[in-house]
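Me: Hey, I'm new to this one. Can you walk me through it, beginning with the ligand?
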Amino acid sequence: MVDVTVCGAGIFGLSVAYACLRRGAQVQIVDPNGVGAGASGGIVGALAPHTPENWNPKKDFQFDSLIMAEDYWAGVERLSALPTGYARLGRLQPIADDHTLTLARDRATSAKRLWQGQADWRVVPASDHAGWAPQSPTGWLIHDTLSARIHPRQATTALAQAIAALGGHITHRATLAGQIVWATGYDGLLELSRDLGTPVGNGVKGQAALLGFEARKQPQLFADALHIVPHHDGTVAIGSTSERDFDDPTSIDTQLDDVIARAMDSFPMLADAPVIERWAGIRPRAKSRAPMLGGYPGKPDQFIANGGFKIGFGMAPKVGEVMADLILDARDTIPEGFRVEDNF
Ligand SMILES: Cc1cc2nc3c(=O)[nH]c(=O)nc-3n(C[C@H](O)[C@H](O)[C@H](O)COP(=O)(O)OP(=O)(O)OC[C@H]3O[C@@H](n4cnc5c(N)ncnc54)[C@H](O)[C@@H]3O)c2cc1C
């Protein structure tokens, strides 16, 4: 007996499967390429919030998901006995000029209300983080305590193992049975566009690098559009390129060399660190740029969970819950702007 078949063993498919299993459903996951074969097998793993201002359903959803993440990933580690690399160690960003400093202080005030005392957006002297900080022309930094990091590839593996521990079955091929969820990432967006006869999404390629550098207790850094994410295993990820046009989804080229060079220039403490891995993947980007969640147009008992784009890991815990509400209880808790129909 299968209640739910999830197609796609990336972070979205696995998080939907995990939520359904935890509510007692019988779940199988089918992915011809195996667990973490797509964007979710990556190395960056910044779980970082939107700015605390101009609040909207997308920011609210993401905030809830980031707050849920600590217990969520602790539960996955317990069930799987594998590391996910999750730790909520915050993030530092430079403040370029007086205008940005004023803005940052305003946001510190609005964060108190919008983040409900569960995290802070602080303006702190750069000297507080000497040795591990972006260069900041004003001498001040933004330190938010909501940002966390995860190791995407390890977290995906651990979540798959937790699913197996709950009785979920992950396979390369199977007869689709029960309610069917398409969490098929970039390929799925292309397929859906063909199916609907209108483009509803595409992919944005990203290349990232992993350095051998010990900074596991440090916050992540964000400056010059670069994410610097220290992992729990003595590595530091640098991300990423953002390529709308590409021929080969997994090739590595000189654009990544430029990213690495910029990172080493902006963060001199990394200059001598060896590059131990280069990786590329395709971020599934819905036309709306928000997650694309809900029923499959014209196909009863079929669903879509896609569009994680740049923040799929940050959104995943809550995506699993709202999809399980819909699939198992026919309860629609999907926020405004996140629906499949918002893309055509
Ligand atoms: C360079 C880079 C850096 C990133 N950095 C971050 C970050 O710091 N923080 C963050 O939160 N997010 C980040 N992301 C985004 C994140 O990786 C994605 O949003 C997320 O992995 C998307 O997950 P997914 O499950 O939707 O897709 P995928 O992980 O791509 O999974 C889709 C799966 O579907 C399978 N599939 C395809 N067709 C079928 C079919 N017909 N049947 C069954 N299975 C099928 C594929 O084999 C694949 O395994 C980054 C992405 C990239 C590329």
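This is a predicted model: local features need pLDDT of at least 70, side-chain atom pairs count only at pLDDT 80 or more; totals for chains, interfaces and linings use all residues.

Me: What lies 3.2 Å from an oxygen atom of the ligand?
Reply: That's a backbone N or O atom of Ile11. There's a side-chain case too: an N or O atom in the side chain of Asn33 is 2.8 Å from an oxygen atom of the ligand.

Me: How much of the ligand's accessible area does the protein cover?
Reply: 90% of the 1000 Å² that the ligand has on its own.

Me: Which elements give two or more residues to the shell around it?
Reply: Helices H1, H5 and H7, plus strand E14. E14 gives the most, with four residues.

Me: How many residues surround the ligand, and which are the closest?
Reply: 33 residues, and the closest are Asp31, Asn33, Ser40, Ala46 and Phe309. By class, the shell has 15 nonpolar, 14 polar and four charged residues.

Me: OK, new topic. What's the strand order in the open sheet of six strands?
Reply: The order is E8-E2-E1-E9-E16-E15, with mixed pairing. E8 and E15 are at the edges and have a single partner strand each, so one side of each has no neighbour in the sheet. From one strand to the next, the twist averages 20°.

Me: How do E9 and E16 run, parallel or antiparallel?
Reply: Parallel, with three bridges joining them. Val181, for instance, has Phe303 in E16 as its bridge partner.

Me: And which strands does H5 touch?
Reply: H5 packs on the sheet and touches E15 and E16, with its direction at about 135° to that of E16.

Key. Residues are numbered from 1 along each chain as its sequence is written. Side-chain values use heavy atoms; hydrogens and water are left out. A residue is near a molecule or strand if one of its heavy atoms lies within 4 Å of it. A polar contact is a pair of N or O atoms within 3.5 Å; within protein, one must be able to donate a hydrogen and the other to accept it, and residues adjacent in sequence count only if both atoms are side-chain atoms. Accessible areas come from the Shrake-Rupley method with a 1.4 Å probe; for residues, only the protein chains shown count as cover. Ala, Val, Leu, Ile, Met, Phe, Trp, Tyr, Cys and Pro count as nonpolar, Asp, Glu, Lys and Arg as charged, and the others, Gly among them, as polar. Two strands pair if DSSP finds at least two bridges between them. Axes are lines fitted to C-alpha atoms, for helices over the stretch in contact, and angles run from 0 to 180 degrees between N-to-C directions. Contact means heavy atoms within 4.5 Å.
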